[in-house]
Amino acid sequence: MAQISLTFPDGNARSYDAGITPAQVAADISTSLAKKAISATVDGKHWDLQWPIPADASIAIHTMQDEAQANELIRHDLAHIMARAVQEIWPATKVTIGPVIENGWYYDFDRAEPFTPEDLGLIEKKMKEIINKRDEVRTEVWDRARAIQYYTDNNEPYKVELIDAIPGDEPLRMYWHGDWQDLCRGPHLQHTGQVPGDAFKLMSIAGAYWRGDSNRQMLQRIYGVAFTGKEKLKAHLTMLEEAAKRDHRKLGREMNLFHMQEEAPGMVFWHPNGWRIYTTLQDYMRRMQDRNGYVEVNTPQVVSRKLWEKSGHWENYQENMFIVEVDEDHAREKAVNALKPMNCPCHIQVFNQGLKSYRDLPLRMAEFGSCNRYEPSGAMHGIMRVRGFTQDDGHIFCTEDQVESETKTFVSFLAQVYKDLGFEKWRVKLSTRPEKRVGTEESWDKAEAALASGIKAAGYDFEIQEGEGAFYGPKLEFVLTDAIGRDWQCGTLQIDPNLPERLDASYIGADGDKHRPLMLHRATLGSFERFIGILIEEHAGKLPFWLAPRQVVVASITSEADDYVNEVVETLRAAGVRAEADIRNEKINYKVREHSVGKVPVILAVGAREVEERTVSVRRLGEKETRVESLANVTAELATAATPPDLL
RNA sequence: GCUGCUGUAGCUCAGAGGUAGAGCACUCCCUUGGUAAGGGAGAGGUCGAGAGUUCAAUUCUCUCCAGCAGCACCA
């Protein structure tokens with residue numbers, strides 16, 4: 001038997017027979033480790049204790065203390081245990097796939113009857129039974145023909161299809177949890193009893209397309225969460241409850257920011273408080289863009305079909321457009337228009353007026369552009385995904401050589417904006433060439449490289465989303481996360497050589513000839529609607545003072561202070577602070593509670609003492625203590641806090 | 001758009017085949033109270049829309065609309 005050398009994390013190496021399993025290695029080290037071992041990492045790969053190690057390798061044995069590996073195994077085993085439970089309860093159910101995801105797993109089933117919420121309880125109970133049985137987990141490697149035959153015999157067509165889709169003809173790994181079998185890459189635990197029976201929970205049932213293809217069968221997906229211990233599960237569930245309180249839809253109501261109603265699905269009715277945030281943000285963005293060399297324009301909402309035909313949207317985007325037909329009786333001729341779903345074609349129209357010189361490039365054109373898109377009904381989400389929205393849009397007309405430096409400039413600009421708005425964590429994704437695309441490989445190489453080096457030059461890292469680019473060019477996505485961890489693309493930067501071509505944009509070069517500019521689509525916030533939604537969730541409604549729609553409430557403690565309250569409000573307003581009086585006949589406790597719930601950052605309470613001393617009692621949102629300050633000091637302090645960061 | 005669920009007062013929700021309730025919010029009165037809900041009274045609803053079954057439907061059935069979760073979509 002050949003010998004192999006295994007190197008442990010501490011640097012020591014031991015010699016074993018080739019084909020030894022990590023379970024045997026653990027047993028060789030100590031009986032206690034053999035008991036506690038759950039898996040191994042062999043040459044960087046997560047390795048089942050039962051898999052033989054063929055050659056020299058590095059090895060680390062894992063126990064439940066290794067959170068990452070333990071979670072993966074627990075969740076993966078639970079996926080199998082859940083599928084087994086479902087098939088034991090409803091034997092006609094067909095199984096498909098069940099991967100580990102963040103915090104848990106899901107498994108997709110094909111079953112005629114829909115699962116009900118009550119079924120989740122049944123399944124959980126059955127899962128606990130399986131865990132208590134401590135059934136052995138076994139694995140074998142089968143050749144494809146045998147596996148296909150097996151699944152055909154067992155009437156599991158989805159598994160057959162999965163095998164067919166696995167490239168090459170390498171053998172397949174099979175796993176058993178007791179008598180229940182699944183096709184699986186592994187690794188897994190050694191018996192079902194290793195899964196903590198009190199640290200998982202089935203969360204929800206939802207539809208999901210087989211293989212993510214909306215033309216195919218809709219399956220039923222069950223989601224679960226699982227952790228290494230029940231305290232961790234509890235902490236996770238508590239976190240979800242807390243996150244729900246930050247939901248912008250809930251806070252939007254509580255802070256009286258906006259509403260939406262049935263008659264205008266996907267459209268926002270902004271209330272005074274919400275609109276205050278919106279305009280404050282817009283004023284800030286306008287100043288920032290002015291300072292960064294943008295020229296601002298404004299273009300029409302309703303544009304003839306003819307332009308959309310030229311731009312290609314009529315052909316490729318029509319189902320997402322609001323088509324506007326003018327009534328024949330009132331129009332000279334029947335005209336078909338569409339509400340603009342994006343601003344780019346209009347910006348090219350502005351660019352195309354008059355001759356442009358290479359000296360004009362890069363030309364940074366911005367618009368707070370209102371767009372309307374007929375989004376699929378199921379896609380809408382509060383104000384984060386809507387049908388009517390305003391982008392902080394901009395298009396940079398430039399040459400190929402300018403792309404990298406424009407990218408760098410834009411990323412730095414965006415980073416400053418996000419920082420000013422209180423976002424520490426955001427991610428950049430680079431989406432590369434998709435399968436269906438236009439343009440040469442060479443131009444894609446250049447474009448992708450220009451974006452990549454532009455981000456690096458600005459000092460940021462990025463992830464790559466293979467094949468996720470637009471058909472005309474690669475793009476950057478700047479992603480923020482909402483209260484419950486869903487990603488939202490906010491900023492974007494896309495290289496587009498296509499639209500300038502279609503709409504015949506050109507400039508005169510140094511050589512006196514006409515040239516085609518490139519167009520960079522870019523947005524920093526993305527849309528005011530989505531960004532404000534994210535902003536609310538990020539700050540749990542407690543916006544930075546300068547952005548807060550209501551900044552200060554001056555509340556009287558007794559009616560004798562009413563005149564002074566009004567004077568304080570006047571003083572603050574004169575200093576540029578959004579202040580309002582609350583001289584209602586209510587107790588100070590009541591007023592403090594109400595304005596705290598309404599997320600007003602500062603409450604100034606005044607009673608007889610403050611009137612006498614010309615002071616105010618300052619209470620900041622989220623703080624218990626109050627302090628008494630002179631009116632002059634507080635006014636100066638709040639005036640500074642109310643100043644947008646770019647004006648400080 | 002697809003699967004499932006939901007729709008009752010401004011908000012959060014209860015309710016039953018016989019015509020609707022609570023708490024908070026709102027209005028008025030009493031209370032002038034020192035930092036997260038003082039007390040009392042009052043007003044408020046075509047029970048998402050339409051059709052069907054029934055002596056009778058807000059309740060049961062169907063269709064539509066909207067929302068929620070997930071999937072798909074997001075040049």
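Me: Which residues come nearest to RNA strand B?

Reply: Of the 50 residues around RNA strand B, those that come nearest are H313, M342, I557, N585 and S617, where a residue is near a strand if one of its heavy atoms lies within 4 Å of it. Sugar and phosphate account for 50% of the atoms of RNA strand B that come within 4 Å of the protein. This is a predicted model, in which local features need pLDDT of at least 70 and side-chain atom pairs count only at pLDDT 80 or more, while totals for chains, interfaces and linings use all residues. Residues are numbered from 1 along each chain as its sequence is written, chains are lettered from A and ligands numbered from 1 in the order in which they are written, and side-chain values use heavy atoms, with hydrogens and water left out.

Me: Which element gives the most to the surface near RNA strand B?

Reply: Helix 18 does, with seven residues, and it spans 588-597; helices (H or I, at least four residues) and strands (E, at least two) are DSSP runs, numbered from the N terminus. Among the others that each supply at least two residues are strand 13 (218-226) and helix 19 (608-613).

Me: What about a base nitrogen of RNA strand B, which residue has a polar backbone atom 3.0 Å from it?

Reply: That residue is G378.

Me: Changing topic, which residues line the largest cavity?

Reply: The lining is made up of N292, Y294, R364, I396, E406, T409, F410 and F413, and helix 13 (residues 403-420) gives the most to it, with four residues. The volume of this cavity is about 50 Å³. Here a cavity is a set of points, on a 1 Å grid over the protein atoms alone, where a 1.4 Å probe fits but cannot get out, and lining residues have an atom within 4 Å of a point.

Me: And R185, is that buried or exposed?

Reply: R185 counts as exposed because its relative accessibility is 76%, the class being set at over 50% relative accessible area, with buried under 20% and partly exposed in between (1.4 Å probe, protein chains only). R185 is found in the loop between strand 11 (180-183) and strand 12 (200-209).

Me: What is R185 in contact with?

Reply: Leaving aside neighbours within four places in sequence, R185 is in contact (heavy atoms within 4.5 Å) with W51, R173 and Y175.

Definitions and conventions
1 Å grid on protein atoms, 1.4 Å probe; cavity = no way out; pocket = protein on both sides within 12 Å on 5 of 7 lines; lining within 4 Å. Points joined across faces, edges and corners; volume = space filled by probe spheres on them. Polar contact = N/O pair within 3.5 Å; in protein donor to acceptor, adjacent residues only side chain to side chain.
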